[in-house]
Amino acid sequence: MWTPDIMAGNSIVGAGGGSDGQETQDQANFVTTTDNQGVLDLWRGPWPGILRCNIILQKVPGMAISETVKNRVLGEAYFLRAQYYFILVRFFGDVPLVLNPVEPGDDLRPFRTPKAEVYNQIITDFTKAVELLPSRESYSGTDVGRASKGAAEGMLAKVHLTLGNWQKVVEHCNNVTALGYALNPSYASNFDPTDKNTVESLFEIQYTSNAGYDFWSNENQASWLSTFTGPRGSDMVAGGWGWNQPTQEFIDAYEPGDQRKDVTVFYQGCPQFDGKDYQKSYSMTNYNLRKFLVSKSISPSYDNSPMNFPVLRYADVLLMKAEALNELGKTTEAESPLNDVRNRAGLPSVTGLSKEAFREKVLHERRMELAFEGQRWFDLIRVNNGQYAIDFLHSIGKSNMSQKYLLFPIPQKERDANPNLTQNPGY
């Protein structure tokens, strides 16, 4: 989920150069074909989770367990199924909508469901999750980090943001605020592997170190990000394969005084990391990603980083509310949530902008606040029916970008196995 930031122009693959990460290079250069392995991985990734959710939703209602546990488990299943489909529909458009476990003898060749119906189901599932899930405060010990009522409310805001349902966005953002979420005083606190699931976190992928699973197996429970994105050849972190190297254009987008820069990226002369100086020679662009790196004192080998990955933070909720209020013509009211995020980053408040200028400002703020968290690509393609993405990517030299590439192709391997799957236009 972090590689679309490379497509979105925040960074390049980097890595070892040459053909290393060729599938992601092709995606970022907009020459993706139907045999792209990265696209196949993204297509196949959610379906086992959807199956497990469907089994839970079919079997748990009849189980003799407490209503409290039953509701929580069902709420988690609705939440996760919606989450998986939200990933699929934004990357691929129409996708098969499978809401029951597939049994032996069932038709294993479903047709694609129009994306409008998929979005309706996503909204239905997240809404049921809101009804069934407890608040995050009800969790303790090893249960901390489970899906909660606030997480489902926040994801409903995100879905309605994608669809342009601005009043709904505001309503769900207000519901999140009423549940007690807040910004961390420090931006860096969101990326501290020793202090996870903070007051700003609505939902994050839970990782652990030393779980006893092999890094390359399906059972791995440690994060890959520090290993993949640590500066190559630097010995700054365990692993350090140099993926996701920020571009000069992205670096230049930081406003003077933005405190997020030193948390997010490495540059020549930046503050030390774990007592080590950064050298621009570590990168093809002179820059590396810093945000998700874990010191060797915490993660001494490449396969045990405990750093969580954020799916949704309260800063995102504030920026969604600001954008939605502006689109509703309430630009003055929209300044407050936008400025909350800017002020936390050490930046001055903005005021008096036109509706159009405010829209650009909030999209810029989303880019810098949520950089490398897997949000930028989806922000680009949802604005002005994708034309915003095409125009921006052309402006940074990605001339191959066209309407076709707003969606990935349906992998040919999947179409060979299921002839009922149609292909997206242009592929």
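1. R342 and E365 form a salt bridge, with 2.9 Å between the closest N and O atoms. A salt bridge here is a side-chain nitrogen of Lys or Arg within 4 Å of a carboxyl oxygen of Asp or Glu. The pair links distant parts of the chain, 23 residues apart: R342 sits in helix α13 (residues 331-344) and E365 in helix α14. Helices (H or I, at least four residues) and strands (E, at least two) are DSSP runs, numbered from the N terminus. Both R342 and E365 are buried, where buried means under 20% relative accessible area, exposed over 50% and partly exposed in between (1.4 Å probe, protein chains only).

2. The model is predicted: local features need pLDDT of at least 70 and side-chain atom pairs count only at pLDDT 80 or more, while totals for chains, interfaces and linings use all residues. Residues are numbered from 1 along each chain as its sequence is written, and side-chain values use heavy atoms, with hydrogens and water left out.

3. A second salt bridge joins the side chains of K291 and E373 at 2.7 Å, N to O. K291 is in the loop between β5 (288-289) and β6, and E373 is in the loop between α14 (355-369) and α15 (376-382), so the contact ties together parts that are 82 residues apart in sequence. K291 counts as buried at 2% relative accessibility, and E373 is buried as well, at 4%.

4. The salt-bridge count is 28. Salt bridges with shared partners join one network, including R342 and E365 along with K291 and E373; E200, E255, D258, R260, R313, R344, K361 and E369 also belong to it. Another salt bridge is that of E137 with R136, at 3.0 Å, N to O. E137 is exposed, with a relative accessible area of 51%.

5. Strand β6 (residues 309-313) is largely enclosed by the rest of the structure, because five of its five residues are buried. Strand β2 (residues 201-205) pairs with β6 in the antiparallel sense, over four bridges; two strands pair if DSSP finds at least two bridges between them. Within this pairing, I205 stands opposite F309 in β6.

6. On cysteines: a search of the whole structure finds zero disulfides, a disulfide being a pair of cysteine sulfur atoms within 2.5 Å. C173 counts as buried at 1% relative accessibility, and C270 counts as buried at 8%.
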